[in-house]
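Here is a friendly walk through one protein model, with the cut-offs spelled out along the way. Have a look at the sequence and structure first.

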Amino acid sequence: MSRYDPAITEARWQKAWDEAGVFTARRDENRPKYYVLEMFPYPSGRIHMGHVRNYTMGDVVARYKSSCGYSVLHPMGWDAFGMPAENAAMEKGGHPKEWTYGNIAVMRDQMKPLGLSIDWSREFATCDPEYYGQQQAMFLDFMEKGLVYRKAAVVNWDPVDMTVLANEQVIDGRGWRSGAEVERRELTQWFFRISDFAGELLEALDGLKDWPEKVRLMQANWIGKSRGLQFAFETAGAPAGFDRLEVYTTRPDTLMGASFAAISPDHPLAKALEASDAGVADFVAECRRVGTSEEALEKAEKKGMDTGIRVRHPLDPAWELPVYIANFILMDYGTGAIFGCPAHDQRDFDFATKYDLAIPPVFVAEGAEEAPLGEAFVPMKSERVRYVRGFAGATVQTGEEAVNAAIAHAEAKGYGRGVTNYRLRDWGISRQRYWGCPIPVVHCADCGVVPERKENLPIRLPDDVTFDVPGNPLDRHPTWHDCACPACGRPARRETDTMDTFVDSSWYYARFTSPRAKTPTDAADVDYWMNVDQYIGGIEHAILHLLYSRFFARAMHICGHLPAKAIEPFNALFTQGMVTHETYATRGADGRPIWQLPEDVIRDEGGARLKDGTPVEIGPSIKMSKSKKNVVDPMDIITRYGADTARWFVMSDSPPERDVEWTASGADAAQKHLARVWRLAHEVTTRGAGDPSHDQALLKALHRTIAEVTAGIEGFAFNKAVAKLYEFTNTFSKSDASAGAKRTAMLTMAQLMSPMVPHLAEDVWAMLGGEGLVAQAAWPKADPAMLVEDSVTLPIQINGKRRAEIVVPKDMPPAEVEKIALSDEAVIRFLAGQPVKKLIVVPGRIVNVVV
RNA sequence: GCCCGAGUGGCGGAAUGGUAGACGCAGCGGAUUCAAAAUCCGCCACCGCAAGGUAUGUCGGUUCGAGUCCGACCUCGGGCACCA
């Protein structure tokens with residue numbers, strides 16, 4: 001064979017790895033273990049470039065760590081429950097199960113040719129009854145430990161399709177299929193008590209040293225710890241049972257700036273008024289037409305309605321404030337009621353302006369005088385301000401001090417108490433859908449809500465369901481929900497809610513350590529393999545998935561399924577950027593966008609159109625997603641160029657943490673380079689002796705490359721590792737070193753390339769007579785002696801501008817460097833006799849002359 | 001609206017506060033070839049004949065020195081709890 005031919009060799013090496021069992025994870029007490037995990041994929045149907053990028057990154061780490069002597073666990077599975085399977089069934093017929101497992105088979109077949117070092121024997125899908133049965137067992141454990149409860153919560157309700165909608169399915173306040181205006185509706189739903197762990201989940205973030213700072217910050221903000229005052233207003237004119245109105249505020253120091261109180265449309269008081277007041281009922285109904293998402297609520301026009309009720313100010317019983325129902329008050333935060341201080345909160349300011357309420361300032365900037373405000377004055381809490389309507393603490397103090405003084409005042413006078421509040425809400429896991437893990441409880445007329453017996457698990461999903469009408473197929477199944485009460489044995493009804501798919505993905509990392517165990521985990525296996533040493537996934541999961549997993553690990557520990565060391569399951573986290581692509585849309589008859597696949601769009605100078613000429617609107621480049629159809633199929637590249645080219649390509653150029661916009665060019669170039677390396681290796685076996693006097697230069701370059709590539713991989717700078725390999729390839733190609741040195745250099749280069757392009761590396765290794773498989777060879781070490789340089793080029797700046805450069809011995813004392821610098825011809829010319837005011841010599845770096 | 005990021009040549013990007021543009025793509029020129037493909041060599045931020053000047057989204061600041069640190073803003077992206 002005399003040319004690079006991945007089509008033949010890649011399959012051959014994959015077989016060789018397979019037969020040698022190179023990637024089978026083994027518990028080996030004599031070796032350190034390393035668990036590398038990429039966020040498992042949703043089986044959408046085909047792999048996309050984001051997958052290739054994600055799994056190649058993980059594979060580089062896994063192969064590298066394996067070379068470094070670790071016993072590596074690198075598994076793969078499928079996050080297989082979720083709405084798209086049901087949507088497909090509704091649109092095209094068929095069954096979610098067939099659709100899902102069919103997609104898994106296709107995607108597995110697409111992933112295997114990538115040559116990933118995955119232990120496929122551990123593969124599972126979350127929709128396997130063996131998996132979700134263990135999840136149900138844990139749900140029962142959680143119930144027993146009081147980590148689960150039921151309460152009423154609001155959902156998006158489509159009144160035409162008579163079905164619950166996901167936020168994603170609500171577009172501009174309307175159902176995505178029916179187009180009907182969505183309503184908020186209350187249902188009794190299941191919750192996990194994640195908010196009980198809010199403080200701990202927040203504090204433990206400090207220990208996650210190998211997580212990106214931005215993710216820790218996002219999680220901290222999401223948990224949203226705040227210290228404030230909770231107190232009750234006495235009401236006047238309120239319905240029976242509402243003689244007090246509890247409010248929570250983080251700015252009790254602004255109490256004297258209150259000009260109104262406001263409650264959420266979902267507040268019990270609002271509901272009570274709704275029953276007797278048609279005006280309130282209309283207003284509340286209008287508020288409920290906004291979706292349930294925080295974004296929708298925050299963006300909606302701020303509206304309020306005066307209830308006619310008044311509350312007495314806690315510091316002055318004669319002072320009465322009006323009570324509004326306002327659409328921007330969230331029932332889930334604090335008490336669902338606030339007092340409004342328009343002078344120091346922009347939202348309150350807008351509200352007060354709209355409804356013509358007073359805007360009395362509480363404090364002014366230090367040194368300023370009280371004046372009418374054109375907008376809310378909201379300085380940092382750490383800033384000192386002068387209180388003109390203060391009531392606790394010094395006249396001039398920081399907001400922080402004033403808040404503490406106000407809380408102390410309230411507690412001393414007995415009208416309120418300091419409270420620590422979290423923004424984090426309990427995790428609602430109920431879904432009124434079929435394709436999810438059934439919640440293993442039974443509703444009995446006599447015994448109430450009863451947990452299913454563990455021996456009856458898994459509670460399997462029925463196969464005979466239909467999707468011709470919207471709504472939950474489990475609910476309308478004729479017999480599935482019929483069962484015997486586990487407590488009294490009488491006929492009862494099975495819970496038809498299924499679990500949020502985030503539950504499935506909150507513990508799969510633990511399951512990979514013993515995927516066939518008859519319990520959720522196996523003690524010896526989790527103890528050996530946990531924690532995940534390196535977790536890799538998209539930044540879009542920075543908050544929810546990772547926070548839920550952190551909670552779940554704690555809950556599993558409480559139930560004995562994880563050791564204490566695993567309550568933070570991911571030691572190191574890397575968030576890769578997304579693969580983005582332009583979006584293409586045509587317009588439907590109703591003006592709504594109809595997304596189009598890139599492969600169906602023809603681009604030309606004028607814009608873009610479909611094959612039939614329909615004009616296409618080009619949207620911004622955003623995350624590739626099924627719903628926007630802006631996806632590109634990586635299989636074309638793999639079948640045309642081979643896996644190594646695709647792998648090399650996705651590791652080149654873009655830093656892994658940054659978004660990369662997919663473009664079709666570049667794959668050719670990647671393959672050219674790999675073919676070049678192959679050719680250079682082949683030449684080593686055929687060329688003559690060469691010149692040994694050039695060996696040292698080549699080997700020095702090689703050792704620098706070892707150091708740089710190793711640092712690149714360790715630091716998740718794969719693009720830089722690739723660039724260094726390009727550089728060394730150029731050096732190698734130009735080198736006239738001896739055959740022996742070239743063989744050594746090429747063998748080492750094959751090793752350095754092997755995490756990225758493992759098949760080519762094996763080719764080269766075998767060609768040059770390397771021992772065994774590269775996949776099992778020890779990672780090369782850079783010899784420190786070979787990294788030392790004797791001289792260094794120093795730029796000389798004059799007033800910060802580069803004017804000259806000098807070459808000096810590496811260890812030359814600064815005084816001598818100064819002398820040489822000042823006697824440099826170009827320096828003398830630029831100085832033109834001006835006196836030198838200051839001379840800065842940064843050894844090995846730079847000289848700066850200031851005149 | 002709120003929270004978190006990112007902006008550097010034609011393009012992807014590199015640069016512990018110390019020579020801005022490594023490396024790659026595209027482009028241009030050359031070698032080889034009957035010709036092409038493939039390969040190899042060279043050039044390649046902008047303005048300027050040159051000396052030199054201007055350049056890291058914008059505007060300010062700190063510093064001997066700023067792409068990097070600080071402040072304000074602009075644009076784009078992610079998340080906002082039922083998309084996964």
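## An enclosed strand

Strand S26 (residues 570-576) has six of its seven residues buried, so the rest of the structure largely encloses it. Buried stands for under 20% relative accessible area, exposed for over 50%, and partly exposed for what lies in between (1.4 Å probe, protein chains only). Strands (E, at least two residues) and helices (H or I, at least four) are DSSP runs, numbered from the N terminus.

S26 pairs with strand S25 (residues 532-538) in the parallel sense, over six bridges; two strands pair if DSSP finds at least two bridges between them. Gly-537 has Thr-575 as its bridge partner in S26.

## Ground rules

This is a predicted model, in which local features need pLDDT of at least 70 and side-chain atom pairs count only at pLDDT 80 or more, while totals for chains, interfaces and linings use all residues. Residues are numbered from 1 along each chain as its sequence is written, chains are lettered from A and ligands numbered from 1 in the order in which they are written, and side-chain values use heavy atoms, with hydrogens and water left out.

## Aromatic pairs

How many aromatic pairs does a search of the whole structure find? The search gives 44. Rings of Phe, Tyr and Trp (its six-membered ring) pair if their centres lie within 6.5 Å; planes under 30 degrees apart count as stacked, over 60 as edge-to-face and the rest as tilted. One stacked pair is Tyr-131 with Trp-507, at 4.4 Å centre to centre and 10° between the planes. Tyr-131 belongs to helix H5 (residues 129-144) and Trp-507 to the loop between helix H14 (501-504) and helix H15 (508-511), so this pair ties together parts that are 376 residues apart in sequence. Tyr-131 is buried at 2% relative accessibility, and Trp-507 is buried at 0%.

Ring pairs also link residues into a cluster, among them Phe-139, Trp-190, Phe-197, Trp-427 and Phe-552.

## Arginines and their partners

The charged end of Arg-185 sits over the ring of Trp-157, 4.3 Å from its centre. Such a placement requires CZ of Arg or NZ of Lys within 6 Å of the ring centre and within 35 degrees of the ring normal. Arg-423 lies over the face of Trp-222, at 4.5 Å from the ring centre.

Arg-554, in helix H17 (residues 544-558), is buried with a relative accessible area of 3%. Its side chain makes a polar contact of 2.6 Å with that of Glu-568. A polar contact is a pair of N or O atoms within 3.5 Å; within protein, one must be able to donate a hydrogen and the other to accept it, and residues adjacent in sequence count only if both atoms are side-chain atoms. Not counting residues up to four places away in sequence, Arg-554 also touches residues including Phe-197 and Leu-201, where contact means heavy atoms within 4.5 Å.

## A three-stranded sheet

An open sheet with antiparallel pairing has the strand order S14-S15-S16. Strand S14 (363-365) and strand S16 (396-398) are at the edges with a single partner strand each, so one side of each has no neighbour in the sheet. Strand S15 (residues 384-387) is joined to S16 by three bridges, and Arg-386 has Val-396 as its bridge partner in S16.

Thr-395 lies in the loop between S15 and S16 and is partly exposed, at 47% relative accessibility. Leaving aside neighbours within four places in sequence, Thr-395 is in contact with Val-385, Arg-386 and Tyr-387.
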